Amino acid sequence: MAVGMPENVFLTRLDAAANWARSNSLWPMPFATACCGIELMATASSRHDIARFGAEVMRFSPRQCDLLIVAGRVVMKMLPVLQRIWQQMPEPKWCISMGACACTGGVFDTYAVVQGVDRFIPVDMYVPGCPPRPEQLIAAVIDMQEKIKRTGTLTGKEFETRTTHMGPQPFDVDELRRMREMVPVEGLTIYDPPKLN
Amino acid sequence: MVEANTTVADLRTQFGNELTESSFRDNHRVHVPPEKALDVLTWLKEQRGFDMLVDITAVDYLEYPDATDRFHVIYLLLNMTTKERLIVKVPVNLPDAALPSVVPLWKGADWMEREVYDMFGIDFIGHPDLRRILMPEEFTTFPLRKDYPLKGFGERHNFPVLTRAES
Amino acid sequence: MPLELSEVSDPIAADQEYLWTLNFGPQHPATHTTLRLVLTLDGEKVVGAVPHIGYLHSGFEKLGEHLDFNQYVTIVDRMNYISPIANELSWHHTVEKLLGIEITPRCKYVRTIFGELMRLHDHLLNVGAVALDLGAFTAFLYAFQQREKIYDISEYASGQRFHSSYTRVGGVLFDVNNDWVEKVRKFVREFKPVHAELHRLLTRNRIFIDRTKGIGVLTPEDANNMSVTGPLARASGIVRDLRKDEPYLAYKDFDFKIVCARGGDCYSRYVVRMQEMLESIKIIEQAIENIPAGPINIDAVTDITLPAKPAVYRSIEGLIQHFEVLMPNRGFPVPLDEVYGATESPNGELGFYIVGDGTVRSYRARTRPPSYIHFAIFPHLIRGHSLSDVVAVLGSLNIIAAELDR
């Protein structure tokens, strides 16, 4: 060896080092709205103990977090809040959609429930189940870590190049009425949600 | 339940015979015309000791077989001393679906009436703060009416989409 | 020291410029799920609170008009996710009242045991979460350890650990067996030391007492006037428990007490919940040793419950019966009438108002949600207390957002 390396020094790529650090200390932001929130609590508490995977530092302030866990159904009134929280989280950030309701609306195919949060915010990982068992959530966290290690870069390039996940597009209202063969209701103005910023 | 029957009998001597009575299982119901509703409820609370209002709800009878009125507002009353229950049903019809508020009698009626207003569009005259409670303020229809479909008119799809590039 | 209500002069007057407004929620750790409060503060003193709810309104009642009596049990499960089976009991109690069904003694006992397990389930989480909000993390972990055991018990009986969907019209999903009974016995044995430990952690804990005693006092008159039921009313000294007043299931067979306190404050609510757990354990102990033998579902001939599987596979009558029950628009006869039925859920009186229109779907399925009614009293309770007491009062009310908003 021409150049001697001192002991306890190893060489790696900066990307890999960043990924290693990021993936092993994910700080989840528990956006717990319903039943899945209780399973999220169960995951964090005694028997399942998510601390074993370095993701136990639940911070309820989005500014401090890098992993959004949407646990539970998101309804019309809550969606602007969710979008605001997603915008407030600093890069790099990831999102786990936990439970059938957050993924697709689940059993709540009703007027008020958003049919999958991926229609309105980007989602990296889907956890099925109603609610998913804690083991399943832990598995999702491990998969998330794998994903970060595989695709992450120091400067967050993957967020620029990754194809934008759009999800299903919102229906046109007239098309929706045609699909359901509904008669337009007299004098109905469609609900206009408050705009973001 | 002999007591319930005497209550209803007393009600009828007090307020006239248009109050009809029915019962099913252990539920005793009295049907009251809307203009007498507040008087009957006041009398029940003050003379008969129905000091707890268990619930206020409404039913939309649009598609119900043989229904004559569009809505019924239903007051579930409970006497805490004798544990006697009584259901008061008041018919309400469009276009001006309105009833006097019972918040002065039972403070617990506050949110219950707001919910009925939110879900059915029935006004409660004299309510201190009648706003939408469950649905967003901007919402224009009343979801629990029978002419509103289960899946709504597409309101749930009507939001801006955030993408990776934007956020 | 809590302030007297009279000290708060003219709560939200416009000319008081020093008042400021604080938005609390809908995403906040101490709101547990999705509650939002707009607080008006004078320094650190709360002079007004306006709750905004509906952040989890998912149309349960509308859904109830589109699902049949057995399907809707999966939805009521999700209404109170802290004690799911308690909701199922209440729903099917009311449905059976509408249909005029008397369930079998064995079913009554099994349902009673589940009802009481769910009461433990709820109170454990509540006690743990109150402690967590006030800064005591250990009690929360202790409580959750026990909750996991209750999850195991309901998983063993129904196959799902969380939302069991265990009851059916006229019976339950699967019969329980001896292993299950043994599991419950083991749980009961192991629960008491943990309960005692929770007591030692919290009941005489100086900090805990300072944070909860005298906070959020609810007088019995107000409790009645504001329709408060359940542990909250009992903590205010109202002796009312549907298990005693209008006995349903098998409660009249058991020896238990109604737990009441006089204080009406957060601490009394905590004490009532702790004592109720012991009463629940007492009921489970009596019930588990006396489960009657016999069928768990009512007779399948009535067109209401599914026949046993051997009958389906081996006889044409059983097969026909099976399809009669399962096929849409066949099912069982439903009276053209309406009924209100209520049970004592862990949170208070949980009632359903069902309107039957002759089909197997309810025409209207109204829930009388205790959380909704209890959250309405929050502005009344918090007025005059300091900002840090908000979490103590919220925790002691045990608001379940899904039940609140439905």
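User: In this predicted model, how many residue pairs are in polar contact between chain C and chain B?

Analyst: Polar contacts are N or O atoms paired within 3.5 Å. Here there are 29 such residue pairs between chain C and chain B, counting those with both residues at pLDDT 80 or more.

User: Which strand of chain C gives the most to the side that touches chain B?

Analyst: That's β8(C), residues 362-368, with five residues. As for the make-up of that side of chain C, it splits into 24 nonpolar, 11 polar and 17 charged residues.

User: And how many salt bridges are there between chain C and chain B?

Analyst: For a salt bridge, look for a Lys or Arg side-chain nitrogen within 4 Å of an Asp or Glu carboxyl oxygen. Chain C and chain B have 11 of them.

User: What area is buried between chain C and chain B?

Analyst: About 4100 Å², with carbon and sulfur atoms giving 54% of it. On the chain C side, Lys62(C), Tyr363(C) and Tyr372(C) supply 17%, more than any other three residues.

User: Now for chain A and chain C: what area do they bury between them?

Analyst: Around 3000 Å², 63% of it on carbon and sulfur atoms. In chain A, the residues losing the most area to chain C are Ile38(A), Arg47(A) and Lys77(A), together 19% of what that side buries.

User: How many salt bridges cross the interface of chain A and chain C?

Analyst: Four. Among them, Arg133(A) pairs with Glu155(C), their closest N and O atoms 2.8 Å apart. On the side of chain A that touches chain C, α2(A) gives the most, five residues.

Notes: Residues are numbered from 1 along each chain as its sequence is written. Chains are lettered from A and ligands numbered from 1 in the order in which they are written. This is a predicted model: local features need pLDDT of at least 70, side-chain atom pairs count only at pLDDT 80 or more; totals for chains, interfaces and linings use all residues. Side-chain values use heavy atoms; hydrogens and water are left out. Buried area is the accessible area (1.4 Å probe) that two parts lose on being put together, summed over both. A polar contact is a pair of N or O atoms within 3.5 Å; within protein, one must be able to donate a hydrogen and the other to accept it, and residues adjacent in sequence count only if both atoms are side-chain atoms. Helices (H or I, at least four residues) and strands (E, at least two) are DSSP runs, numbered from the N terminus. Ala, Val, Leu, Ile, Met, Phe, Trp, Tyr, Cys and Pro count as nonpolar, Asp, Glu, Lys and Arg as charged, and the others, Gly among them, as polar.
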